[in-house]
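Colleague: I have a chain open here and would like to talk it through with you. Could you start with whatever I need to know about exposure, and then we can go wherever the questions lead?

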Amino acid sequence: MVLAELTPRTVAPVRPVEGVVKPDSSDAAAPPLASLLAPLPDDASLKQVGRRATRIAEREAILRALTRTGWNKRKAALRLRISYKAVLYKIRDCGIVDPRDAARTE
């Protein structure tokens, strides 16, 4: 065998497959704001109560940090002592909308 045959071959770039639907991030399992404010059912487990309380507390803390930093997400992340990416995920999960973005769409 020749040494050239043993070396890895270069692979051509892969074209994206057409017709593949990417999952929409807006369909995530995160509850909308209305469901956070709706009363819990009488038979709600302690786990459900804890999750709801955590989500509400996180939402309030994130909103407070964003308001104090002028909606600067990096500074809010530093203030909350979490990563910038975590702030972005939590903003999305909690349904927080930047008032400047809301004003642009109207």
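Modeller: A residue counts as buried if its relative accessible area is under 20%, as exposed if that value is over 50%, and as partly exposed in between. Please also keep in mind that this is a predicted model.

Colleague: OK, so take L78, buried or exposed?

Modeller: L78 counts as exposed, because its relative accessibility is 68% and the cut-off for exposed is over 50%. The residue lies in helix α4, and its C-alpha atom is separated by 9.4 Å from that of A65, which is 13 residues away along the chain.

Colleague: And A76, buried or exposed?

Modeller: A76 is buried, since its relative accessible area is 0% and buried means under 20%. A76 also lies in helix α4, and, leaving out residues up to four places away in sequence, A76 touches A65, L66 and T69. The C-alpha atoms of A76 and R64, which are 12 residues apart along the chain, are separated by 8.8 Å.

Colleague: Let me step back a bit. How many helices and strands does the chain have?

Modeller: There are six helices and zero strands, which gives the pattern α-α-α-α-α-α when the chain is read along its sequence. Of its 106 residues, 14% count as buried. If you take the contacts between residues at least 6 apart in sequence, 43% of them join residues at least 24 apart.

Colleague: Which residues make up the largest nonpolar core?

Modeller: That core has 10 residues, namely I62, A65, L66, W71, A76, A77, V87, I91, C94 and I96. The elements that give two or more residues to this core are α3, α4 and α5, where α3 covers 46-68 and α4 covers 73-80, while α5 covers 84-94. As a general background, nonpolar side chains tend to be buried together in soluble globular proteins.

Colleague: Staying with α5, which of its residues are buried?

Modeller: The buried residues of α5 are V87, I91 and C94. They sit on the same side of α5, because they cover an arc of only 80° around the axis. In general, an α-helix has 3.6 residues a turn, so residues three or four places apart point the same way.

Colleague: What do they pack against?

Modeller: The buried residues of α5 pack against α3 and α4. To take one of them, V87 is in contact with K73, A77, L80 and I82, once its neighbours within four places in sequence are left aside.

Colleague: Now the loop between α3 and α4. What does T69 do there?

Modeller: T69 has its place in that loop, and it counts as buried because its relative accessibility is 15%, where the cut-off is under 20%. A polar atom of the T69 side chain lies 3.2 Å from the backbone oxygen of N72. Not counting residues up to four places away in sequence, T69 touches K75, A76 and R79.

Colleague: N72 again, then. Where does its own side chain reach?

Modeller: A side-chain oxygen of N72 comes to within 3.1 Å of the backbone nitrogen of R74, at the start of α4.

Colleague: Switching to backbone angles, what is the phi of W71?

Modeller: W71 has a positive phi of about 65°, although it is not a glycine. For context, most residues other than glycine have a negative phi. W71 is placed in the loop between α3 and α4, and it is buried, with a relative accessible area of 15%.

Colleague: And R81, buried or exposed?

Modeller: R81 is exposed, with a relative accessible area of 78%. R81 follows α4 and lies in the loop between α4 and α5; its phi is also a positive value, near 60°, in a residue other than glycine.

Colleague: What follows α5?

Modeller: G95 follows α5, and the phi of G95 is positive, near 75°.

Colleague: Last topic, rings. How many aromatic pairs are there?

Modeller: The count of aromatic pairs comes to zero, where a pair would need ring centres within 6.5 Å.

Methods
Residues numbered from 1 in each chain as written. Predicted model: local features only at pLDDT ≥ 70, side-chain atom pairs only at ≥ 80, totals over all residues. Heavy atoms only, no water. Phe/Tyr/Trp six-rings, centres within 6.5 Å; stacked < 30°, edge-to-face > 60°. Helix = DSSP H or I, 4+ residues; strand = E, 2+ residues; numbered from the N terminus. Buried < 20%, exposed > 50% of the residue type's maximum accessible area, 1.4 Å probe, protein only. Polar contact = N/O pair within 3.5 Å; in protein donor to acceptor, adjacent residues only side chain to side chain. Contact = heavy atoms within 4.5 Å. Core = buried A, V, L, I, M, F, W, Y, C linked by side-chain atoms within 4.5 Å. Arc of directions from axis to C-beta.
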